[in-house]
Amino acid sequence: MMRSDDLSKLVLRLTLGILLLMHGIFKVQNGIGGIMGMVASHGLPGFVAYGVYIGEVIAPILLIVGLYTRVAAVLVIINMLVAIALAHTGQLAMLTGNGGLRLEAQYFFLFTAVAVFLGGAGRFSMNSPYNN
């Protein structure tokens with residue numbers, strides 16, 4: 001019998017994983033030179049920028065397949081907190097011209113990852129001790 005909470009966890013995982021992976025694919029295709037510059041401007045070593053590949057490629061793939069889901073969610077949370085701290089601190093409560101939050105996407109990724117972390121992967125996931 002299919003339970004709706006397992007189905008909702010699948011939808012949540014897939015939504016977060018697919019949407020965030022699109023950002024990661026863009027960075028793989030176009031490089032992370034801009035991110036390296038931003039990281040360096042904050043006094044951090046440039047190699048820290050490669051963490052974006054973990055948070056926006058590896059973690060989303062793990063979320064999509066439901067493997068080490070809670071670990072993947074934590075990686076997304078860290079990725080988004082770092083992105084907000086390095087690139088968006090001046091925009092935390094700013095609105096766009098149509099009334100939405102300027103950081104809507106960042107907040108969506110952050111809090112959806114928190115929800116996935118708290119709820120786990122559900123039954124429709126690969127077998128992992130960190131899922132349920």
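Analyst: A pocket is an open set of grid points where a probe fits, with protein on both sides within 12 Å along at least five of seven lines. Please keep in mind that the model shown here is predicted. In this model, the largest pocket has a volume of about 490 Å³.

User: How many residues line the largest pocket, and which of them lie nearest its centre?

Analyst: The lining consists of 25 residues. Those nearest the centre of the pocket are Val52, Glu56, Asn79, Val82 and Ala83.

User: Which residues form the nonpolar patch on the surface?

Analyst: Val82 belongs to this patch as well, together with Val74, Ile78, Phe117 and Leu118. Their accessible area together is about 420 Å². Helix 4 (69–87) and helix 5 (104–119) each contribute at least two residues to the patch, and the largest share, three residues, is that of helix 4.

User: How should I read a pair of aromatic rings?

Analyst: Two quantities describe such a pair: the distance of the centres and the angle of the planes. A search of the whole structure finds three aromatic pairs. In one of them, the ring centres of Tyr50 and Tyr53 are 6.0 Å apart and the planes stand at 50 degrees, so this pair is tilted.

User: What relative accessibility does Tyr50 have, and what is the value for Tyr53?

Analyst: Tyr50 has 42% and counts as partly exposed. Tyr53 is also partly exposed, at 21%.

User: Why is the pair of Phe108 and Phe109 described as edge-to-face?

Analyst: Planes over 60 degrees apart count as edge-to-face. The planes of Phe108 and Phe109 are at 65 degrees, with the ring centres 5.7 Å apart, so the pair is edge-to-face. As for accessibility, Phe108 is partly exposed at 34%, whereas Phe109 is buried at 6%.

Technical notes
Residues numbered from 1 in each chain as written. Predicted model: local features only at pLDDT ≥ 70, side-chain atom pairs only at ≥ 80, totals over all residues. Heavy atoms only, no water. Patch = residues over 30% accessible without salt bridge, like charges linked within 9 Å, V, L, I, M, F, W, Y side chains within 5 Å. Areas by Shrake-Rupley, 256 points an atom, 1.4 Å probe, with all protein chains shown as cover. Salt bridge = Lys/Arg side-chain N within 4 Å of Asp/Glu carboxyl O. Helix = DSSP H or I, 4+ residues; strand = E, 2+ residues; numbered from the N terminus. Phe/Tyr/Trp six-rings, centres within 6.5 Å; stacked < 30°, edge-to-face > 60°. Buried < 20%, exposed > 50% of the residue type's maximum accessible area, 1.4 Å probe, protein only. 1 Å grid on protein atoms, 1.4 Å probe; cavity = no way out; pocket = protein on both sides within 12 Å on 5 of 7 lines; lining within 4 Å. Points joined across faces, edges and corners; volume = space filled by probe spheres on them.
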